[in-house]
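Please keep the sequence and the structure open while reading.

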Amino acid sequence: MASSLPPVVRHLPSDAEIRELLADQIDVQHKSVGMVVGIITPEGRRVVAHGSTSRHGGHAVGGDTAFEIASVTKVFTSLLLVEMVERGEVALDDPLARFLPADVHVPQRKGRHITLVDLATHTSGLPPQPPDLLGLDDPIARTYSLEQLYSSLSSYRLTRDIGSEWEYGNLDMALLGHALARRAGTDYETLLRARITGPLGLSRTSTVGASLGPNVAVSHDSDLHPTDRLAMGALAPAGAMLSSANDLLTLLGACLGIIPSPVAPALQAMLQTRRSMQPPLLTMMRRYGRVMLRMVFSRRLRSRTSRVFSRVEQALGWYVLGRGSEEMVVHDGAGPSCAASIAYDATARAGVVVLTNAGITVQDISRHVLWRDSPLARVRKQVTLNSGVLDRYVGTYQSPASPLFEILRDGDRLFIRVPYMAKLPFRAESEHDFYVSELQWEFVFDWDGRGRVREMLFGARRGQPMLPLQKR
């Protein structure tokens with residue numbers, strides 16, 4: 001999206017600095033097998049890559065290497081929505097039910113229908129995943145069908161008002177993608193190619209990996225072992241896409257008005273609709289008042305790091321991070337097998353792409369490259385705990401303000417089942433401090449005088465207070 005404000009001068013890192021950063025991420029911290037960083041400004045684009053497409057027998061990654069981009073797919077699905085709005089084919093406030101088969105029941109609440117904009121802003125009131133799908137590692141995920149998706153939707157009953165609260169998830173975007181495809185009389189991939197990737201010239205972007213040829217990065221888990229790609233089934237419009245740094249730089253160039261594009265009006269309109277990502281304060285206090293007061297006044301629960309952004313809003317397909325008059329527009333993707341992040345600053349007219357073929361999030365890198373005062377994730381050193389103490393942590397943990405987390409033991413390792421996502425390694429820095437490298441989440445255990453776990457503190461985002469979770 002081009003800006004009418006005078007450009008902000010930002011000193012983006014040089015190629016040599018980015019190369020050094022990537023070498024540290026891969027060769028020293030062992031956080032990936034191959035990574036690519038791309039930058040676009042009015043002066044042109046540049047791509048810096050380091051590492052390989054595979055830990056075993058791969059070749060060098062580069063600007064045209066296709067990577068899984070996970071939830072960055074949601075940007076494309078939302079762009080499809082706005083493009084069809086611009087054509088007059090749909091309206092943001094059209095009810096979802098209008099575009100689904102007649103025998104599919106779309107839940108309502110208090111006479112209000114779920115609309116397309118509710119889906120695009122994650123305020124539909126629907127759960128993050130279909131209730132019959134445990135997570136991305138569920139054995140049924142790969143073959144999860146559209147019929148199963150519709151059946152799950154039809155049997156769900158809303159527990160909160162439509163449009164009242166934000167909750168990020170895959171179900172909203174999957175339903176949006178299929179509704180738009182039905183309106184156009186085609187399938188999601190064909191519609192995407194006809195309306196978005198084709199007009200933009202994105203030849204390395206698709207939900208069909210086999211169509212991209214041999215230059216596709218092999219996916220790896222956070223232990224850097226080769227692994228299967230994300231299994232999305234009917235949830236494909238929420239996270240099944242692959243793309244390259246060069247293609248995503250073209251998308252960002254169109255957002256910034258650097259590259260002329262027929263979808264430019266739709267790209268500009270994506271930021272015009274915004275919804276808050278925080279429930280009303282009175283609602284929060286009524287539901288979680290005791291927890292919130294503990295988080296505010298307890299020194300132990302306060303954030304360990306300073307905040308770079310003072311606000312965050314949900315636009316159509318993008319998050320808008322702000323401080324004062326400055327804004328960074330972002331979307332990240334993360335999964336057990338991959339991570340991706342794209343970000344742009346319209347007033348600085350600069351965009352950044354970061355892609356990796358390992359399941360460790362890279363959003364800290366994209367923000368740091370674009371705004372240098374946004375820090376990189378701190379270096380963590382994993383330690384091995386005595387196997388005799390591991391069972392202390394096993395159990396389920398929850399607070400009134402959070403979903404349920406489950407800590408599991410598998411031999412001499414601990415794992416955490418992240419709600420709606422997957423079972424992921426639970427790594428120790430000490431007997432009290434743990435982290436999930438896939439998501440940059442951190443956890444701190446509080447013990448009683450007899451050495452028993454009393455609660456687990458959870459920190460999901462830099463600069464936010466930690467949330468206390470009680471062991472059940």
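How many bridges join strand S16 to strand S17, and do the two run parallel or antiparallel?

## The S16–S17 pair

The model is predicted. Strand S16 (residues 433–436) and strand S17 (residues 441–447) run antiparallel and are joined by four bridges. Opposite Tyr435 stands Glu442 in S17.

## The sheet

S16 and S17 belong to an open sheet of nine strands, in the order S14-S13-S12-S11-S19-S18-S17-S16-S15, with antiparallel pairing. Its edge strands, S14 (423–425) and S15 (427–428), each pair on one side only.

## Helix H5

Helix H5 covers residues 171–184. At 1.5 Å a residue, its 14 residues should span 20 Å, and the end C-alpha atoms are 20 Å apart, so the two values agree. After H5 comes Gly185, with a positive phi near 75°.

Eleven of the 14 residues of H5 are buried, so the helix is mostly covered. Among the buried residues are Asp172, Met173, Gly177 and His178. The cover over the buried residues includes helix H2 (73–87), helix H3 (116–120), helix H4 (146–155), helix H6 (188–200) and helix H7 (236–239).

## Packing of H4 on H5

The axes of H4 and H5 lie 12 Å apart, and the helices pack at an angle of about 115°. Their crossing is left-handed. H4 contributes Leu146, Leu149, Tyr150 and Leu153 to the contact, while H5 contributes Leu171, Ala174, Leu175, His178 and Arg182. Of the residues in this contact of H4 with H5, seven are nonpolar, one is polar and one is charged.

How values were computed:
Residues numbered from 1 in each chain as written. Predicted model: local features only at pLDDT ≥ 70, side-chain atom pairs only at ≥ 80, totals over all residues. Heavy atoms only, no water. Pairing = 2+ DSSP bridges. Expected span 1.5 Å × (residues − 1). Buried < 20%, exposed > 50% of the residue type's maximum accessible area, 1.4 Å probe, protein only. Contact = heavy atoms within 4.5 Å. Axes fitted to C-alpha atoms, helices over the stretch in contact; angles between N-to-C directions. Left-handed = near helix turned anticlockwise from the far one by under 90°. Nonpolar A, V, L, I, M, F, W, Y, C, P; charged D, E, K, R; others polar.
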